[in-house]
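Please keep the sequence and the three-dimensional view at hand while reading.

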Amino acid sequence: MARLGSWIEPFPEGIYVRPADAWVDPSQPKERALVTHGHADHARGGHGTVWATPETLAIMGVRYGEQNGCEVAYGQSVTVGEVEITFVPAGHVLGSAQIILDWNGERVVVSGDYKRRPDPTCEPFLPVKCDIFITEATFGLPVFHHPETGSEIDKLLVRLADNPDRCVLVGAYALGKAQRVIAEVRRRGHHRPIYLHGALERLCNLYQEQGIDLGELRLVAGTDKKEMMGHLVLCPPGALNDRWSRRLPDPITSAASGWMRIRQRARQKNVELPLIISDHADWGELTDTILEIRPKEVWITHGREDALMHWCMTRQIKSRELNLVGYEDDEDE
């Protein structure tokens with residue numbers, strides 16, 4: 001009797017789906033690529049044909065140029081080779097998807113990166129029963145428990161209101177995190193203009209084009225320092241402490257990341273206001289998702305594999321580590 005999932009082969013450069021002759025999130029150019037979402041450690045240029053959601057293909061177009069893409073909407077099924085493939089929401093960023101692979105009576109779900117928290121910028125995660133669940137484990141340690149997002153946004157807005165002669169500079173990854181922070185502060189009633197580092201402009205414009213309302217956004221470039229007093233400013237994490245920030249009015253440095261749970265990391269990055277806002281599932285969400293889906297096997301792609309494998313073992317759930325390379329476990333990319 002064939003081993004469960006014997007038609008799915010993990011290689012260092014990605015997951016090969018043999019009866020489809022296709023790869024999931026390959027780190028090297030392939031003739032056929034199934035892409036879960038637009039982050040650069042999952043979506044790369046140079047593939048022959050790409051199957052992805054329309055939003056992910058649009059993101060890849062901004063980053064790599066126009067793709068030879070096959071759009072797959074949420075809930076739509078297509079056949080690639082001998083495999084029926086369906087994309088459903090992953091709740092990670094705009095257009096992010098879990099890829100359901102059905103072949104010969106077996107179902108494998110490749111989750112990509114995912115979270116279970118509400119996010120106004122993307123569709124919520126949809127749990128799917130399956131034989132094999134391929135999961136990330138970025139925050140796969142019991143110490144990681146993300147707080148409620150609204151409370152973190154409230155901390156940000158209180159600090160801003162208390163310092164009308166300064167600005168709050170938030171380091172946030174260009175795809176997903178920056179737009180989520182903006183959308184969340186809008187939901188909390190902050191409708192003043194928000195200023196952007198130029199590196200965030202293209203993807204924020206793309207989100208707006210895709211129907212995500214981010215309100216009034218302005219570029220820092222060409223803006224007088226005094227105009228930005230009392231305002232939020234967003235930049236890539238790497239720009240928090242570089243020369244670019246000198247043009248801002250005495251900025252209060254902040255960063256939005258699940259890693260802000262670790263105080264030492266916040267200190268290393270000279271972050272005054274750490275915001276624990278993650279686009280990845282925390283420990284409880286990882287384990288609750290496995291219990292909800294109830295797969296026969298759990299395959300773990302990247303992150304804190306050992307702890308999640310041990311948790312599975314104590315519950316008689318078969319698990320394995322895939323040892324893929326090129327996936328980042330740092331939200332700052």
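The model is predicted. Its strands S1 and S2 run antiparallel, and its largest nonpolar core has 34 residues.

- S1 and S2 form a hairpin, with two residues between them.
- Within this pairing, proline 10 has isoleucine 15 of S2 as its bridge partner.
- S2 also pairs with strand S3 (residues 22-24), again in the antiparallel sense, over three bridges.
- In this second pairing, tyrosine 16 stands opposite tryptophan 23 of S3.
- The hairpin of S2 and S3 has four residues between the strands, and aspartate 21 in its turn has a positive phi of about 50 degrees.

**Histidine 92**

- Histidine 92 is located in the loop between strand S8 (83-89) and strand S9 (97-103).
- This residue has a relative accessibility of 1%, which is under the 20% limit, and therefore histidine 92 counts as buried.
- Its side chain makes a polar contact of 3.1 Å with the side chain of histidine 39.
- Residues up to four places away in sequence aside, histidine 92 touches His37, His39, Asp113, Tyr114, Lys115, Asp119, Cys122, Asp279 and His280.

**Aromatic rings and charges**

- The structure contains eight aromatic pairs.
- One of them joins tryptophan 7 and tryptophan 103; the pair is tilted, with 5.4 Å from centre to centre and 50 degrees between the planes.
- Because tryptophan 7 lies in the segment before S1 and tryptophan 103 lies in strand S9, this pair ties together parts that are 96 residues apart in sequence.
- Tryptophan 7 counts as buried, at 1% relative accessibility, whereas tryptophan 103 is partly exposed, with a relative accessible area of 23%.
- Phe11, Tyr16 and Trp23 form one aromatic cluster.
- Tryptophan 23 also has lysine 30 over its face, at 4.1 Å from the ring centre.
- In another case of a charge over a ring, the charged end of arginine 320 sits over tryptophan 299, 4.6 Å from the centre of the ring.

**Nonpolar cores**

- In the largest nonpolar core, which has 34 residues, Leu156, Val168 and Leu234 touch the most other members.
- Among the elements that give two or more residues to this core are the helices H2 (149-161), H3 (177-187) and H4 (201-209), and the strands S12 (168-171) and S15 (232-235).
- H3 supplies the largest share of this core, namely five residues.
- Apart from neighbours within four places in sequence, leucine 234 is in contact with Leu169, Val170, Ala178, Val181, Ile182, Ile194, Tyr195, Leu196, His197 and Leu200.

**Threonine 287**

- Threonine 287 belongs to helix H6, which covers residues 283-293.
- Is threonine 287 buried or exposed? At 6% relative accessibility, threonine 287 counts as buried.
- When neighbours within four places in sequence are left aside, threonine 287 is in contact with Leu308 and Trp311.

Technical notes
Residues numbered from 1 in each chain as written. Predicted model: local features only at pLDDT ≥ 70, side-chain atom pairs only at ≥ 80, totals over all residues. Heavy atoms only, no water. Pairing = 2+ DSSP bridges. Buried < 20%, exposed > 50% of the residue type's maximum accessible area, 1.4 Å probe, protein only. Polar contact = N/O pair within 3.5 Å; in protein donor to acceptor, adjacent residues only side chain to side chain. Contact = heavy atoms within 4.5 Å. Phe/Tyr/Trp six-rings, centres within 6.5 Å; stacked < 30°, edge-to-face > 60°. Lys NZ or Arg CZ within 6 Å of the ring centre and 35° of its normal. Core = buried A, V, L, I, M, F, W, Y, C linked by side-chain atoms within 4.5 Å.
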